[in-house]
Amino acid sequence: MHACRVGGSIILIGVLTGIKGDIPTATLMRKQIRLTGVIVGSNKDQWDFVSALECMNFKPVVDTTFALERLSDAFAFEESGKHFGKICVSI
């Protein structure tokens with residue numbers, strides 16, 4: 001929360017700390033942070049979803065692929081907002 005900007009958002013995906021945890025409400029209020037919890041499905045749900053996508057032959061739109069050595073160029077390209085689709089890094 002300290003790293004979040006004023007008016008920023010924090011999205012909690014899943015529950016890694018159990019069903020309870022300390023939340024510094026004063027920090028949330030002072031920085032006007034939006035806190036959203038997202039519950040994801042099971043591992044089986046994920047596999048079923050991936051299988052369905054494979055059956056439908058979906059292919060992602062890839063704009064540009066950068067070599068790992070050009071990682072900083074990939075980030076700069078993303079920041080420019082000129083891409084359409086995925087920006088990939090080959091390893």
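Q: What makes D73 count as partly exposed?
A: D73 has a relative accessibility of 35%. Buried means under 20% relative accessible area, exposed means over 50%, and partly exposed is what's in between (1.4 Å probe, protein chains only). At 35%, D73 sits in that middle range, so partly exposed it is. By the way, this is a predicted model: local features need pLDDT of at least 70 and side-chain atom pairs count only at pLDDT 80 or more, while totals for chains, interfaces and linings use all residues. Residues are numbered from 1 along each chain as its sequence is written, and side-chain values use heavy atoms, with hydrogens and water left out.

Q: Why is the meeting of D73 and R70 called a salt bridge?
A: The term asks for a side-chain nitrogen of Lys or Arg within 4 Å of a carboxyl oxygen of Asp or Glu. The side chains of D73 and R70 meet at 3.0 Å, N to O, so the pair passes.

Q: How many salt bridges does the structure hold?
A: There are 2. Besides the D73 and R70 pair, the side chains of D48 and K44 meet at 2.7 Å, N to O.

Q: What separates D48 and K44 along helix α2?
A: About one helical turn, because they are 4 residues apart in that helix. An α-helix has 3.6 residues a turn, so residues three or four places apart point the same way.

Q: Is K44 buried or exposed, and how do you know?
A: K44 has 56% relative accessibility, so it counts as exposed. D48 has 39%, which makes it partly exposed.

Q: How do you know that the span of helix α2 is close to what's expected?
A: Helices (H or I, at least four residues) and strands (E, at least two) are DSSP runs, numbered from the N terminus. Helix α2 covers residues 43-55, has 13 residues and reaches 19 Å from its first C-alpha to its last. Just after α2, N57 takes a positive phi of about 60°.

Q: Why is the pair of F66 and F77 called tilted?
A: Rings of Phe, Tyr and Trp (its six-membered ring) pair if their centres lie within 6.5 Å; planes under 30 degrees apart are stacked, over 60 edge-to-face, and the rest tilted. F66 and F77 are 6.0 Å centre to centre with 55° between the planes, so they pair and count as tilted. The pair links distant parts of the chain, with F66 in strand β3 (residues 62-67) and F77 in helix α3 (residues 71-80), 11 residues apart.

Q: What makes F66 and T27 count as buried?
A: F66 has a relative accessible area of 5% and T27 has 9% relative accessibility, so both fall under the 20% limit. T27 is found in helix α1 (residues 25-31). Leaving aside neighbours within four places in sequence, T27 is in contact (heavy atoms within 4.5 Å) with M1 and I33.

Q: Where does V61 lie, and which residues does it touch?
A: V61 lies in the loop between α2 and β3. Not counting residues up to four places away in sequence, V61 touches F84, G85 and K86. At 44% relative accessibility, it counts as partly exposed.

Conventions: The expected span of a helix is 1.5 Å times one less than its number of residues.
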